[in-house]
Amino acid sequence: KTGTSLKTTRAGIQQDFTRSPFVPAGQSIDHMSVADGFEVKLVASEPLVTTPVALTFDDRGRIWVIEMNSYMPDTLATGENTPNSRIVILEDKNGDGQADHRTVFLDSLVLPRALCLVENGILVAEPDSLWFYEIAADKPVRKTLVDPEYVVGGNVEHQPNGLYRALDNWIYSAKSTKRYRKKGDKWLINETLLRGQWGLSQDDHGRLYANNHSQNLFADYFPPGLGAGNINQGTVAGFSVTPVNNNRVFPARPNSGVNRGYLPGVLDDSLRLVNFTSACAPLVYRGGLFGEEYNFNVFVAEPSANLIKRNILTENGYITTGRQAYADKEFLTSTDERFRPVNLYDGPDGALYVVDMYRGILEHISFLTPYLKSEIKKRQLTLPLNAGRIYKIIPGGTSPQPPNLTGNAAGLVAMLGSSNGWLRDFAQKTIIDKKFRQTIPALQKSLWEPASTIKRVHALWTLEGLDALAPDDVLRLLQPGVPPMLRVQAFAAIPSVITASNYSRFLKEFERVIREKDAFSAPYAGFLSGSVAAYDPAAAQALMLDLADAFAGDVYVADAIISNLQDKEAGFQKEMLKKNADTSLVFHRQLAATIKNAPAVHTRRKTVETAMRYPRGANMYSTICQTCHGTDGNGIKSLAPPVNNSEWVTGDKEKLIAIVLYGMTGPVMVNNHLYKVPEISGEMPGLAHDTKISAEALAQLLSYIRQSWQNNAGPVYPDEIDRVRAKFKNRQASFTAEELNRM
């Protein structure tokens, strides 16, 4: 439809949806449509729970919930830092399937965002810190600071979250390069690769899955403990890959209340969202309740469009590809605009649990446009603020019951072979947390039971968590003929068992990979060559050179090797050129790119000095910009292009000011490279509509960016900000590169 008819149609649609009334919890499911064969059950609702954003289950099947009560109380974020958020424990005491009892575990929190039960306590992320609270009788009795810098910069939408305890016994976060693990009374903090924006989950291989607001899904091809050794590398092939490139969504109602709803192409002719704008909470379903066709499916929440998407994945070796499950519909949709699914979880009973924040305002003030403010006012979406729901999705006509989770040690070992991934993870975690070393003989026996590969995988990592995994067992599992899924886990466990006295035995296994031209195992040998380097640098160097030569056309092997070469890239390049001088090979191209990307010491020093000149600008960059453009200004894969060495930053100041004020959308050429979706998210929001940000602050921000890293451009002044703001005072839409180039 075009012209007048389209305007008339849209006006009619808008007239039909002028209000978005508050729907009581008892009626909310009536507004939902779920895939055939499934039904939705209410688990908890207000007043028992308010503004839930994350949850976890304990060993009694109770639900621990984060209530982020102060998030965006209105379009001005008035009182957002009020300490009125909580962690509560919900319990179903009468056994009817709905929570009926609430215990406040922790209150007076400011915007808490993640939790994870560990041993006798719980990790809680309350920006900027990560805390561990010991628990006694459902009360916090001792508080330990685990990491004072769990959050460094970023606004509420772009701060670390998730605290996902993975198969390898480490705890990972979305939007973070850190992982955590409790060893005795100490907390270990290691580096890992940056993943996603909100929410994490894992598949049966322990590989992590994430996404960002505009992209359906990211997948890792390799275990999460690998690949994070070289900060010069930028990206590592096989991590944060997009197995499902299709970002189309199919809402059940108009979605004019999205932040960029005024832009062409954001909404279709029926005012429904076209592509993801708030994708979050990717869940690899492992509950075992839905049927075989739901194995290796990933569900993704889209709270802006009030829906949950289903994706179907397949794998070929370590490569994962996928597609949307339906051509023109979703797994679950709702016609209630306040239905905000912000997190998804497997549960003890195999059901899929949905955390519904149930609020009108979803967008944070940092990016809230006047258009969306108008939509919020029009449909009176600000109040109420005291609602929230938790649902579960189950096969229709069933009443799945959670098993007894308080069984003995032998029962927990048996549970490692359950068809329910949540139960397997729970059994592994509980054996480790309770230090049930009496299970070691049974675990060692399970390691060699051929009937269940998945049980063998969990037995391996449970032994690792008990510090009882034997190097001989790992070496035996590396042999040809071992199921690939299990062999991969043996590779991933090598850093836990390799020592000065046994490294040569592992080296021989890596050399066999080369000798037998084992392309499947080659990336693992590349990643783990660094484990040999700790004991024999010369042997590790020879191994990496031979690997690079044998698999010179394999990008995954190349990046795996390079992940061990931080600040040694140039020397390795010289040696590799002696071995194979063909600079067109993938390995040479990947290594050259890393050398080019390596930050120089003087550049880092220069940026520190710039931050001293423009402290407000440096703070704004860390708070707003670096989550997408990176601490080094070189951009982050799938999010944003570089601002370091960018002609958009160091060139025409009016264009740069216009971008930062009003945003930029679509493909953009930076330093002779065209950045477009999925390499970047496709749109950068502007800051013009945040009235709390002054011209002076913006001038400092742009001056900081123009003079940091390898940039050497002149400062920006407040009056220049004011002139551009006045010139485009009525503008709402983001600029395109084409528009800016015409300026």
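Strand E26 (residues 664-665) pairs with strand E29 in the antiparallel sense over two bridges, where strands are DSSP runs of at least two residues and helices are DSSP runs (H or I) of at least four, both numbered from the N terminus, and where two strands pair if DSSP finds at least two bridges between them. Within this pairing, Thr 665 has Glu 683 of E29 as its bridge partner. The two strands belong to an open sheet of three, ordered E29-E26-E30, with mixed pairing. Strand E29 (683-684) and strand E30 (735-736) are the edges, each having a single partner strand, so one side of each is left without a neighbour in the sheet.

The model is predicted, so that local features need pLDDT of at least 70 and side-chain atom pairs count only at pLDDT 80 or more, while totals for chains, interfaces and linings use all residues. Residues are numbered from 1 along each chain as its sequence is written, and side-chain values use heavy atoms, with hydrogens and water left out.

Helix H17 (residues 615-629) has 15 residues, yet its end C-alpha atoms are only 18 Å apart, short of the 21 Å that a straight helix would reach; that expected span is 1.5 Å times one less than the number of residues. H17 bends by about 50° at Thr 623, the bend being the angle between axes fitted to the seven residues ending there and the seven starting there. The helix is mostly covered, with 11 of its 15 residues buried, where buried means under 20% relative accessible area, exposed over 50%, and partly exposed in between (1.4 Å probe, protein chains only). Among the buried residues of H17 are Met 620, Tyr 621, Cys 625, Cys 628 and His 629. After H17 comes Gly 630, which has a positive phi, near 90°.

In helix H21 (residues 718-727), the buried residues are Glu 720, Ile 721 and Val 724. Seen down the axis of H21, these buried residues fall within an arc of 105°, so they line one face of the helix; the arc is that of the directions from the helix axis to the C-beta atoms. They pack against helix H19 (653-662) and helix H20 (695-707), with contact meaning heavy atoms within 4.5 Å.

Two loop residues are also buried. Met 357, in the loop between strand E24 (352-356) and helix H3 (370-378), counts as buried because its relative accessibility is 4%. Not counting residues up to four places away in sequence, Met 357 touches residues including Thr 51, Pro 52, Tyr 71 and Arg 340, and its C-alpha atom is separated by 15 Å from that of Trp 64, 293 residues apart along the chain. Asn 247 is found in the loop between strand E17 (215-219) and strand E18 (280-284) and is buried at a relative accessible area of 12%.

| Cysteine | Closest cysteine sulfur | Sulfur distance | Relative accessibility |
|---|---|---|---|
| Cys 116 | Cys 280 | 19 Å | 7% |
| Cys 280 | Cys 628 | 16 Å | 3% |

The sulfur of Cys 116 is too far from that of Cys 280 for a bond, and the sulfur of Cys 280 is likewise too far from that of Cys 628.

Methods
A disulfide is a pair of cysteine sulfur atoms within 2.5 Å.
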